[in-house]
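I opened my notebook to look around a structure and jot down what I found. Come along and check each entry against the picture.

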Amino acid sequence: MSKASADIPVIDISPSNSEAAKQILAAAENNGFLFIENNAAAGMPPAKVDEMFDLSKKFFQGPVENKKECPTQNNRGWVSMQQETLDPGNQKRGDFKEAFNLGEFANNKPNQPLPKPFSNNVNTVADFSKSCHALCNRILELFAEALDIPSDWFSSRHDQSNGASGTIMRLLYYPSVSDNLAPEEDDIRAGAHSDYGTLTLLFQLPSQPGLEILTPSGTWSSVPVDPKNTLPIDPSAPLPILVNIGDLMSYWTNGLLKSTVHRVIFPKEARKGGEDRYSMAYFCHPLDEAELVAVPSKRIEQYKGQGGVEKGGKVLTAKDHLLERLAATYGTKA
Ligand SMILES: O=C(O)CCC(=O)C(=O)O
Ligand SMILES: [Fe+2]
């Protein structure tokens, strides 16, 4: 295990690392972010990651008419520049980004209209999403092991064959903006927020920084793209996959696991309008009806945090929480 800046460890989840569960839990308790070594155990072959990034670039660099064919509906589809405001209390202008949100696939079939090039590469996209989900389940099993609860306590609540969930694979594009649109002091690519689901996997590209996390001392700390500095030595080495804890994991653990606030800035070392950044986030959510109650773990019972979310005596479900958070960022009513 090696350390990255912003105190984010790089963890190997292959069976040869008997400490993986403990290491993952420690990182999640600390600041809620960790890297997973992208080796065979992660099940995300670098060629598949590259292929998905290529499709994403083709889409975002393609004609706007193509994008407009699939505007956002039910949190799926194309999100245009400044349509979303992740930190509405503090932002004057919306996020300087575009996104395309893909919901779950059922038997490799999308549940939403897809534009090109996704529509003619459905299998590639569905397969990538499936691999992301499998990795999330593997991480959830490691959390269950570390918390000493049945190994499928989390993963059974994320079994997509048992119902709908808010899971979204989001392709993101933060274009550099021309000088006449250059960002002002408080403009931001993605406003400060925590993620709404269980876990998020984040894929980044070399030389495209910008992600920052809010540390317990209240300062922003940058998240590296290449935490082990391997690229100068081996430019073909796969980058580790960033994982962060979402709100639901925090609720399920009485706040022991941290759903840390993060944001994406125009990097200071780039020109004023920034350089292009592409990233891909897999937001893993449980089945809609999953209840946000504390997990049956001694460790969690003993932890005096803020557990479970009750409103007017009713235990919230994953879907209740998601609708509430989406309403705030898109300025609509829940
Ligand atoms: O693009 C990134 O690095 C992070 C995006 C993010 O935090 C989000 O979409 O929730
Ligand atoms: Fe996020």
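**Loops first, then the ligand**

I began with Asn108, which I found in the loop between β6 (105-106) and β7. I kept in mind that this is a predicted model.

I looked up the backbone there: phi of Asn108 is near 65°, a positive value in a residue other than glycine.

Next I went to Gln82, in the loop between β4 (77-79) and β5 (98-102). Gln82 is not a glycine, yet its phi is positive, about 65°.

I then followed the chain to Lys116 and Pro117, which are joined by a cis peptide bond with omega of about 5°. Pro117 sits in the loop between β7 (109-110) and α4.

**A loop residue at the surface**

I call Asn162 exposed because its relative accessible area is 55%, and the cut-off is over 50%.

**Around ligand 1**

Which residues are around ligand 1? My list reads Leu172, Tyr174, His193, Asp195, Leu202, Leu211, His262, Val264, Arg277, Ser279 and Phe283. Sorted by class, this shell has six nonpolar, three polar and two charged residues.

I asked which elements supply at least two residues each, and noted β8 (168-174), β14 (262-264) and β15 (277-284). β15 gives the most, with three residues.

Then I looked up distances to oxygen atoms of ligand 1. A polar side-chain atom of Ser279 lies 2.7 Å from one. For an N or O atom in the side chain of His262, I noted 3.1 Å, and for one in the side chain of Asp195, 3.2 Å. The protein covers 96% of the 290 Å² of accessible area that ligand 1 has on its own.

My last entry is about the space taken by ligand 1: it is the largest cavity.

Key: Residues are numbered from 1 along each chain as its sequence is written. Chains are lettered from A and ligands numbered from 1 in the order in which they are written. This is a predicted model: local features need pLDDT of at least 70, side-chain atom pairs count only at pLDDT 80 or more; totals for chains, interfaces and linings use all residues. Side-chain values use heavy atoms; hydrogens and water are left out. A residue is near a molecule or strand if one of its heavy atoms lies within 4 Å of it. A polar contact is a pair of N or O atoms within 3.5 Å; within protein, one must be able to donate a hydrogen and the other to accept it, and residues adjacent in sequence count only if both atoms are side-chain atoms. Accessible areas come from the Shrake-Rupley method with a 1.4 Å probe; for residues, only the protein chains shown count as cover. On a 1 Å grid over the protein atoms alone, a cavity is a set of points where a 1.4 Å probe fits but cannot get out, and a pocket is an open set with protein on both sides within 12 Å along at least five of seven lines; lining residues have an atom within 4 Å of a point. A molecule sits in a cavity or pocket if more than half of its atoms lie within 2 Å of its grid points. Helices (H or I, at least four residues) and strands (E, at least two) are DSSP runs, numbered from the N terminus. Ala, Val, Leu, Ile, Met, Phe, Trp, Tyr, Cys and Pro count as nonpolar, Asp, Glu, Lys and Arg as charged, and the others, Gly among them, as polar. Buried means under 20% relative accessible area, exposed over 50%, partly exposed in between (1.4 Å probe, protein chains only).
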